[in-house]
Amino acid sequence: MSSKVKRRPRDITELPEVGPAIADKLSSAGFGTIEALAVALPQEVSSVTGLSLAASQRIISAAREALDLGFKTADELYERRLKVARITTGSKNLDKLLGGGVETQIITEFYGEYGSGKTQLCHQLCVNVQLPRDMGGLEGSAVYVDCEGTFRPERIVAMSRARGLDPSKTLKNIIVARAYNSDHQMLIVEQVKDFIQERNVKLLIVDSVTGFFRAEYPGRETLVLRQQKLNKHLHTLARIADTFEVAVVVTNQVMARPDAVFGDPTIAVGGHVLFHVPGARVFLRKLRGGRRVARLVDSPYLPESEAVFEVTEDGIRDPLGYE
Ligand code: GTP
Ligand code: MG
């Protein structure tokens, strides 16, 4: 086929219809790479460049073609599955539950009530992603979108020391962005695309993904709007996970059901949010002491089961007697 002979565009200036002026506009708006353009919407490209929607769509299609997105045969999909990498959580039990750790290419949602360990897990993953591959890491850096102001560098220092890593280096490989409302949160995530490759980012965290949306769109009247915006955000995150082959981890605070003593405790008030996006949903709940139980919910290919882990000063661990 002739397309095989043509050299693939390597940066956006090699795409058709993208001259230097357009390239500049795209870059400063966060669409400076072929990957970012491939996952952009025609409306976004059009409003940034002033080009028509049709021209914007042609640019996006060319970017997708350059990346070889589109129809794939099953063996190609299988090959991509083989490229899935995993980040250890620090607990062997939890890793086993997740099929070896938190996966790249998809979103993992940790949901549970306050104090169930969601934020601690996020901190631990930011440290662990930096570990060598034979120790359960990806030798990469992390982006932490902090929507609740609960990111604590001191915890990173303690967890790094416990894993034998140099805390000053670990801290440098975690890029933290504090979000102040849902629009800001969405904008930050859009901007992450710009430096994901340059900074060797392998993990993107949004803690919590739902907090602002719940606060800004309270009540039944705004539920539809809230869900629409949240879905758009989750789709952006899913596309980032897929396109850049990174692990995306989101947290979601839910209330335990007051009447769940006999019923299924994973059906919490609020529930999980990853309805229409591929990913893993993990429900966390507190036991007495520092112990937590994780339950994998609705996994397409792993059995539904539970794992016990512990939050300690050193981070996430298997509790004694549960290793
Ligand atoms: P929300 O954000 O409020 O929904 O909660 P969360 O699920 O994010 O909870 P988080 O991860 O913040 O867990 C907080 C709990 O972790 C605390 O109540 C402690 O039990 C435990 N924890 C946090 N830091 C430490 C620490 O340094 N040492 C020990 N032993 N436990 C800690
Ligand atoms: Mg938290």
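# Close-up views of a predicted model

**View 1. Helix α4 and its cover.** The buried residues of helix α4 (residues 42-49) are P42, E44, V45, S46 and T49. Buried means under 20% relative accessible area, exposed over 50%, and partly exposed in between (1.4 Å probe, protein chains only). Helices (H or I, at least four residues) and strands (E, at least two) are DSSP runs, numbered from the N terminus. The cover over the buried residues of α4 includes α2 (20-28), α3 (34-38), α5 (53-67) and α11 (182-195). Contact here means heavy atoms within 4.5 Å.

Residues are numbered from 1 along each chain as its sequence is written, chains are lettered from A and ligands numbered from 1 in the order in which they are written, and side-chain values use heavy atoms, with hydrogens and water left out.

**View 2. The shell around ligand 1.** Ligand 1 is surrounded by 15 residues, and the closest are G115, K118, T119, Q120 and Q253. A residue is near a molecule or strand if one of its heavy atoms lies within 4 Å of it. The shell divides into two nonpolar, seven polar and six charged residues. Ala, Val, Leu, Ile, Met, Phe, Trp, Tyr, Cys and Pro count as nonpolar, Asp, Glu, Lys and Arg as charged, and the others, Gly among them, as polar. Helix α8 gives the largest share of the shell, three residues.

View 3. A backbone N or O atom of Q120 sits 2.8 Å from an oxygen atom of ligand 1. From an N or O atom in the side chain of Q253 to an oxygen atom of ligand 1 is 3.0 Å. E313 brings a backbone N or O atom to 3.4 Å from a nitrogen atom of ligand 1. Taken alone, ligand 1 exposes 670 Å², and the protein buries 66% of that. Accessible areas come from the Shrake-Rupley method with a 1.4 Å probe; for residues, only the protein chains shown count as cover. Two or more residues of the shell come from each of α8 (118-128) and β10 (306-312).

**View 4. Salt bridges at R80.** The whole structure holds ten salt bridges. A salt bridge is a side-chain nitrogen of Lys or Arg within 4 Å of a carboxyl oxygen of Asp or Glu. D242 pairs with R80, the closest N and O atoms being 2.5 Å apart. D242 is partly exposed, at 35% relative accessibility. E245 also forms a salt bridge with R80, with closest N and O atoms 2.8 Å apart. E245 lies in the loop between α13 and β7 (247-253), so its pairing with R80 in α6 ties together parts 165 residues apart in sequence.

**View 5. Strands β9 and β10.** R295 forms a salt bridge with E306, the closest N and O atoms being 3.1 Å apart. R295 is in strand β9 (residues 291-297) and E306 in strand β10, eleven residues apart. R295 is partly exposed at 21% relative accessibility.

Definitions and conventions. Predicted model: local features only at pLDDT ≥ 70, side-chain atom pairs only at ≥ 80, totals over all residues. Polar contact = N/O pair within 3.5 Å; in protein donor to acceptor, adjacent residues only side chain to side chain.
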